[in-house]
Amino acid sequence: MNQALKKKVLISLTGSLVLLFAGLALFFYISRVGIDPPQLKDIHVDSQAAFKLNALEQISKKNGITEWQLKAASATLKKEKNKAILELVNIIFYTKDGRKVYLDSDQGILDTQTHDITFLKNVVVRLENDVLKTDKLHYTKKTHIIRSQTKVRVEDHASVITADSMTVDLNENKITLKGHVKGNLSETSQIP
């Protein structure tokens with residue numbers, strides 16, 4: 001190939017590349033300018049929250065013995081209140097004799113200093129075949145006791161008992177029902 005032809009081909013290729021890059025740059029610039037930035041709507045900032053976790057898992061031990069294991073779908077730690085607001089709570093309490101008590105609730109409030117917990121909305125407690133249902137329950141870590149001052153319903157496969165309040169001593173495996181205690185007990189019932 002002669003020198004003049006090589007020069008024409010090189011100039012032609014260089015010009016084509018410059019035009020291609022200029023066209024791409026123009027395309028990206030126009031497409032960026034034409035797109036409106038996304039608008040954020042209905043944003044709520046909780047000024048009382050120190051931070052929020054999408055999931056929480058915590059284990060509480062006393063003298064090296066596990067007392068409970070907690071899981072929540074989310075936890076919001078409140079500023080200056082020593083509280084964590086929990087959503088979709090699952091907790092396993094352990095008794096002295098190694099039995100497990102399962103508790104589920106829609107919400108919970110964990111005191112981050114004392115590790116006492118209040119469970120709210122659709123509270124369900126399961127121990128082997130027994131199921132307890134209530135709207136509000138409180139756990140005191142120091143005494144390892146669960147209390148409800150609202151109406152409770154305890155049932156197993158054959159019996160149902162209702163009461164105005166209830167206390168469960170997890171150390172002693174003892175349940176105390178008080179106030180308008182009513183029920184239907186079967187001979188095969190195993191409600192403690």
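1. The largest cavity holds about 240 Å³ of space. A cavity here is a set of points, on a 1 Å grid over the protein atoms alone, where a 1.4 Å probe fits but cannot get out; its volume is the space filled by probe spheres set on the points, which are joined across faces, edges and corners. In the whole structure, the search finds one cavity of 30 Å³ or more.

2. This is a predicted model, in which local features need pLDDT of at least 70 and side-chain atom pairs count only at pLDDT 80 or more, while totals for chains, interfaces and linings use all residues. Residues are numbered from 1 along each chain as its sequence is written, and side-chain values use heavy atoms, with hydrogens and water left out.

3. The largest cavity is lined by 20 residues (an atom within 4 Å of a point), and the closest to its centre are Val 101, Val 125, Leu 127, Val 168 and Ile 175. The lining divides into 13 nonpolar, two polar and five charged residues, where Ala, Val, Leu, Ile, Met, Phe, Trp, Tyr, Cys and Pro count as nonpolar, Asp, Glu, Lys and Arg as charged, and the others, Gly among them, as polar.

4. Two or more lining residues come from each of β6 (117-127), β7, β11 (165-169) and β12 (174-178). The most come from β7, with four residues. Strands are DSSP runs of E, at least two residues, numbered from the N terminus.

5. β7 is joined to β9 by three bridges, and the two run antiparallel; strands pair if DSSP finds at least two bridges between them. Lys 133 stands opposite Arg 153 in β9. Four bridges join β9 to β10 (residues 160-163), also antiparallel, with Val 154 opposite Ile 161 in β10. β9 and β10 form a hairpin with four residues between them.

6. Lys 141 lies in the loop between β7 (130-140) and β8 (145-148). Lys 141 is buried, at 12% relative accessible area. Beyond four places in sequence, residues in contact (heavy atoms within 4.5 Å) with Lys 141 include Thr 114, His 115 and Asp 116.

Definitions and conventions: Buried means under 20% relative accessible area, exposed over 50%, partly exposed in between (1.4 Å probe, protein chains only). On a 1 Å grid over the protein atoms alone, a cavity is a set of points where a 1.4 Å probe fits but cannot get out, and a pocket is an open set with protein on both sides within 12 Å along at least five of seven lines; lining residues have an atom within 4 Å of a point.
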